[in-house]
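Me: I have not looked at this structure before. Could you take me through it in a few questions and answers?

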Amino acid sequence: MREEAVNRVRVVFSLLDADGNGVLESADFDLMADRVMAAAPRSTDEEREALRLSFRRYWTTLVSELDTDGDGRVDFQEYTACVLTPERFEPTIAAFARALTRLGDPEGQGLVARDDFMALMTAIGFAPENITALFDAFGPSPDDRIEAAVWEDEIIAYYAPDKAGIPGDRLADGVAS
């Protein structure tokens with residue numbers, strides 16, 4: 001497993017741990033869904049609900065795969081074991097990626113404007129300078145948009161244990177291990 005992948009996952013774990021108690025719980029995913037949906041006011045109710053369901057699926061996959069003691073919590077070691085095992089987690093990440101990029105494309109044109117991208121990624125909790133670096137790495141058009149499909153593919157790549165040097169690595173830059 002590549003160190004870059006572990007660093008990327010470490011960042012996501014810390015963001016999903018909304019209350020900072022060192023473990024993931026159902027409430028963390030509900031809070032994150034609420035934050036991200038609030039950052040997408042131009043999206044439809046259907047698109048926001050798809051995002052909520054993708055967060056719910058994310059949590060359900062984790063707890064069903066990893067919560068061996070039944071306490072309703074997942075620690076970092078358990079989380080890493082699941083999300084860096086593509087065959088166990090890829091469909092869940094694909095659904096999340098699709099739901100998030102749909103929120104970023106409220107006009108349904110297959111394009112995500114910088115302000116929408118920044119709002120969603122800030123709601124998730126990424127640092128603004130890292131978000132900007134990632135958006136720029138996607139090669140925005142002259143009107144400052146990126147292709148939604150490119151972003152969706154990169155969200156999936158972010159969780160791949162064998163990937164290095166991907167645009168998503170910019171989200172982990174400057175994060176202590």
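What follows is a set of questions and answers on a predicted model.

Me: How are helix H2 and helix H3 oriented to each other, roughly parallel or roughly antiparallel?

Reply: The axes of H2 (residues 26-38) and H3 (residues 45-66) come within 9 Å and cross at roughly 160 degrees. Angles over 145 degrees count as roughly antiparallel. H2 is therefore, relative to H3, roughly antiparallel.

Me: How do the residues of the contact of H2 with H3 divide into nonpolar, polar and charged?

Reply: On the H2 side the contact includes Phe29, Met32, Val36 and Met37. On the H3 side, Leu51, Phe55, Tyr58 and Trp59 are among the residues met. The division is 10 nonpolar, one polar and five charged.

Me: What is the handedness of the crossing of H2 and H6, left-handed or right-handed?

Reply: H2 and helix H6 (residues 114-124) pack with their axes 8 Å apart, at an angle of about 160 degrees. H2 and H6 are therefore roughly antiparallel to each other. Their crossing is right-handed.

Me: Which residues in H6 does H2 meet?

Reply: H2 brings Met32, Arg35 and Val36 to this contact. Counting both helices, the contact residues divide into five nonpolar, no polar and one charged. The residues met in H6 are Leu120, Ala123 and Ile124.

Me: Which residues does Val36 touch, not counting residues up to four places away in sequence?

Reply: The residues Val36 touches are Leu51, Phe55, Leu100, Leu103, Leu120, Ala123 and Ile124.

Me: Is Tyr58 buried or exposed?

Reply: Tyr58 lies in helix H3. Leaving aside neighbours within four places in sequence, Tyr58 is in contact with Val12, Leu16, Phe29, Tyr79, Phe89, Thr92, Ile93 and Tyr159. The relative accessible area of Tyr58 is 1%. Because buried means under 20%, Tyr58 is buried.

Me: Is Glu46 buried or exposed?

Reply: Glu46 also has its place in helix H3. Its relative accessibility is 59%. Because the cut-off for exposed is over 50%, Glu46 counts as exposed.

Me: How far apart in space are Glu46 and Thr85, C-alpha to C-alpha?

Reply: In sequence, Glu46 and Thr85 are 39 residues apart. For another pair, Tyr58 and Ala95, 37 residues apart in sequence, the C-alpha to C-alpha distance is 8.9 Å. For Glu46 and Thr85, that distance is 30 Å.

Me: What is the phi of Asp144?

Reply: Asp144 is found in the loop between H7 and strand E4 (145-147). With a relative accessible area of 27%, Asp144 is partly exposed. Its phi is positive, in a residue other than glycine, and is near 65 degrees.

How values were computed:
Residues numbered from 1 in each chain as written. Predicted model: local features only at pLDDT ≥ 70, side-chain atom pairs only at ≥ 80, totals over all residues. Heavy atoms only, no water. Axes fitted to C-alpha atoms, helices over the stretch in contact; angles between N-to-C directions. Helix = DSSP H or I, 4+ residues; strand = E, 2+ residues; numbered from the N terminus. Parallel < 35°, antiparallel > 145°, perpendicular 65-115°, else oblique. Contact = heavy atoms within 4.5 Å. Nonpolar A, V, L, I, M, F, W, Y, C, P; charged D, E, K, R; others polar. Left-handed = near helix turned anticlockwise from the far one by under 90°. Buried < 20%, exposed > 50% of the residue type's maximum accessible area, 1.4 Å probe, protein only.
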